[in-house]
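Please read the following walk through one protein model with the sequence and the 3D view open side by side.

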Amino acid sequence: MKRDKLELLSPAGNIEIFKSVVNAGADAVYFGGQMFGARAFAKNFTMEEGAEAISYAHLYGRKAYLTVNTLLKNVEIERKLYDYLKSYYEAGLDAVIVQDLGVLEFVKYYFPELAIHASTQMTVTNARGARWIQEAGASRVVTSRELSLREISGIYEATDVEIETFVHGALCVCYSGQCLMSSMLGGRSGNRGRCAQPCRLPYQLFDDKGKRQSMPGEYLLSPKDLCGIEDIAAMAEAGVYSFKIEGRMKQMAYAVGVVSLYRKYIDAYLEGRSTAVLKEDKQKIYDLGNRCGFTNTYFRHQNSPDMITYTRPSHEKKETTDIPANQPKILVQGDFFAHVGQKMELRVHVDEHTCVAVSEDIVEAATKKATVISEIDEKIKKTGNTPFAFEHLTFDVEDGVFIPVSRLNDLRRRALEQLQHQLQHQTNKRESVPFEKSALQPGDMSEAGDKEVLVCCDTAEQFMVACEKQVVSVVSISFDTALECFETLRQKAKQCGKKFNLTLPLICRQRAMELMEAHRDYFDIDRISGVIACSLDGLGFLEGIQFPKNRIQLDHRLYTLSNISLFAFEQRGYERFCAPLELNEKELSHRYNAHSTMLVYGRIPLMVTANCQHQNSVGCDKKPVILYLQDRYRERFPVKNRCHFCYNEIYNSKIYNILSEIERVKSLGFQGCRLDFTLEDQEETNRVLDQFEALWMGIENDKILQETSAIVTKGHFKRGVE
């Protein structure tokens with residue numbers, strides 16, 4: 001089905017680029033302010049520049065979106081967010097792009113007329129996730145970059161949410177919003193806009209026997225840039241409304257050049273002309289900047305080694321001169337009226353909704369030479385350096401009138417000034433709700449109950465060990481392992497008196513959804529005690545099968561850094577959480593923890609990637625293996641391919657372990673503790689659980705503490721992130 005309206009969405013790193021991409025044909029522009037954007041190290045806009053940008057966009061009938069797409073802490077929401085957003089709201093901002101569900105709830109409550117776009121960092125990959133976030137208050141979903149056109153079409157056909165999809169620019173190798181690599185290794189959190197891009201560094205790949213794998217180069221995690229200019233028609237027909245260009249840190253020539261080329265071919269599609277890209281235009285877009293060429297792989301395939309740079313991770317371009325696009329003229333219609341003894345009037349309008357009328361003093365009869373229509377026409381149409389040009393001007397002028405040139409000029413000037421003001425400020429008259437610190441706070445949930453010890457397992461052997469431990473109350477198994485031995489594990493948990501949970505995949509794309517649908521009997525509440533959900537897509541699935549919400553625990557990947565994010569999930573009926581991993585002890589002490597568990601042990605997935613290292617090295621044989629990525633410092637990061645769901649998990653080289661901080665964790669008011677087992681064998685699982693059990697029961701001795709301190713990382717429990 002052909003679409004008759006599309007949006008070309010451009011980035012802008014400064015006010016000059018903002019104006020230039022509007023002039024070049026962008027329908028909307030997104031930019032970052034001085035707080036809460038995912039490009040913290042960019043120049044970003046001052047409030048004054050932001051207001052100027054919004055005004056400029058509205059003058060030309062375009063839109064301006066502000067990125068507020070980071071995770072926020074309590075203190076930031078309580079002290080800074082309201083005044084920051086209120087300034088933009090009053091300036092006429094059209095929408096905010098958000099990652100944090102708490103920020104979404106905040107905007108919805110305090111700024112009810114402001115549109116909310118769910119960032120790609122919310123990792124929405126299917127219709128159920130899109131519907132979930134739409135019901136939470138988002139009017140638009142920015143799809144995960146990894147989605148195929150078929151998957152995007154599935155969202156479009158099953159929902160009425162607006163779909164925004166990246167069409168050009170840099171790609172993250174990790175599902176956006178799921179990357180903790182920069183955060184855990186260097187303290188620079190991608191979720192807080194400070195990613196150090198470890199994906200662009202060299203790595204070597206080894207198998208589980210220590211043999212180095214032969215690869216085309218060393219940049220194994222560095223994707224090529226996306227270029228979808230040849231996919232415009234297919235994307236539109238798959239349901240994409242907004243075509244998003246990446247690049248808020250790019251220069252003027254790149255921004256204007258890329259926008260101009262996409263404008264050309266989007267217009268060709270809308271006008272029913274051929275969208276076949278000319279050879280010279282392909283070269284132009286290549287010269288503006290690429291990374292070992294381009295890829296559009298995700299639109300057509302799940303993954304491919306062809307999308308990785310391997311040899312050169314840097315962005316390359318030919319030298320170009322920054323030439324801002326010429327400021328376009330806004331075509332207006334005019335009606336001029338002049339009769340003797342009546343006021344002279346000029347009406348100017350862009351459309352039926354935007355019209356102004358200005359009048360001058362009473363028109364006098366000519367005593368000598370009368371003013372003729374051709375003279376009036378010439379003076380009124382002299383719009384000069386204003387943004388307007390008259391497309392059509394009608395006259396109702398009585399013969400024999402005399403109108404001084406100065407009065408015609410003044411009439412035109414006042415009419416165009418008022419029209420410009422109306423265009424720039426027609427969305428500014430919106431009311432916000434006064435800020436109250438006590439609003440939108442959790443706390444009306446049911447009592448937390450007894451302290452829990454939750455153990456999440458990846459293998460049946462780990463599960464069997466955990467069931468035998470007295471201190472453990474809940475044992476959860478990953479869904480892919482349950483496919484192989486669900487009933488055996490269920491019976492073991494029942495025999496040992498443990499609650500039996502299932503942990504859903506970190507990414508629930510179509511393949512995962514089909515598997516879960518095919519095994520809906522696993523989710524019978526008479527067979528399992530509960531489910532750990534790791535994504536909005538997973539929550540959408542569980543709501544779809546009407547799984548009881550009081551038996552769903554949100555994983556730490558469903559981020560709840562602030563109390564308002566807890567409140568936002570509570571509004572949807574959820575009341576069991578796992579604390580996020582990027583808060584330190586002090587910040588956790590200011591979080592409402594009564595219904596949350598705290599992870600105290602586990603090998604943390606630093607990345608979740610659609611691109612598969614096993615496929616890239618030996619090909620896809622659908623055999624789960626453990627590979628190792630080795631960095632410049634000879635640290636080795638285990639990589640597990642989840643073939644049931646077709647994604648890789650890249651784990652930290654060091655195990656997160658705060659067992660020695662158990663008493664501090666208890667003092668923070670958590671409802672319980674959680675331990676995650678991934679690559680541990682039966683013996684190691686048993687040893688760690690024995691250590692935990694002793695410390696949990698208050699039996700501290702030098703041997704236990706020495707063993708726990710051998711694993712060096714405590715993650716962010718002490719240091720935190722900025």
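What is the order of the 4 strands in the open sheet? In this predicted model, the order is β16-β15-β14-β18, and the pairing is mixed. The strands at the edges are β16, residues 354-362, and β18, residues 388-397; each of them pairs on one side only. From one strand to the next, the twist averages 15°.

Strand β15 covers residues 343-351 and is joined to β16 by 7 bridges, with the two strands running antiparallel.

Helix α13, residues 405-425, lies across β14 (330-338), β15, β16 and β18. Relative to β16, helix α13 runs at about 155°.

Helix α13 also meets another helix, α2, which spans residues 47-59. Their axes come within 7 Å and cross at roughly 110°. An angle from 65 to 115 degrees counts as roughly perpendicular, and α2 and α13 are therefore roughly perpendicular to each other. The crossing is right-handed. On the α2 side, the contact is made by Ser55, His58 and Leu59, and on the α13 side by Gln420, Leu423 and Gln424. Sorted by class, the residues of this contact are 2 nonpolar and 4 polar, with no charged ones.

Helix α14 (residues 460-467) and helix α22 (residues 682-696) have axes that come within 9 Å and cross at roughly 30°. The crossing of α14 past α22 is right-handed. Here α14 contributes Gln462, Val465 and Ala466 to the contact, while α22 contributes Gln682, Thr685, Asn686 and Leu689. Which classes do these residues fall into? The contact of α14 with α22 has 3 nonpolar and 4 polar residues, and no charged residues.

Is strand β9, residues 219-223, mostly covered or mostly uncovered? Strand β9 is mostly covered, with 4 of its 5 residues buried. Its pairing with strand β13, residues 308-310, is antiparallel and extends over 2 bridges. Within this pair, Tyr219 stands opposite Tyr310 of β13.

Conventions
Residues numbered from 1 in each chain as written. Predicted model: local features only at pLDDT ≥ 70, side-chain atom pairs only at ≥ 80, totals over all residues. Heavy atoms only, no water. Pairing = 2+ DSSP bridges. Axes fitted to C-alpha atoms, helices over the stretch in contact; angles between N-to-C directions. Contact = heavy atoms within 4.5 Å. Parallel < 35°, antiparallel > 145°, perpendicular 65-115°, else oblique. Left-handed = near helix turned anticlockwise from the far one by under 90°. Nonpolar A, V, L, I, M, F, W, Y, C, P; charged D, E, K, R; others polar. Buried < 20%, exposed > 50% of the residue type's maximum accessible area, 1.4 Å probe, protein only.
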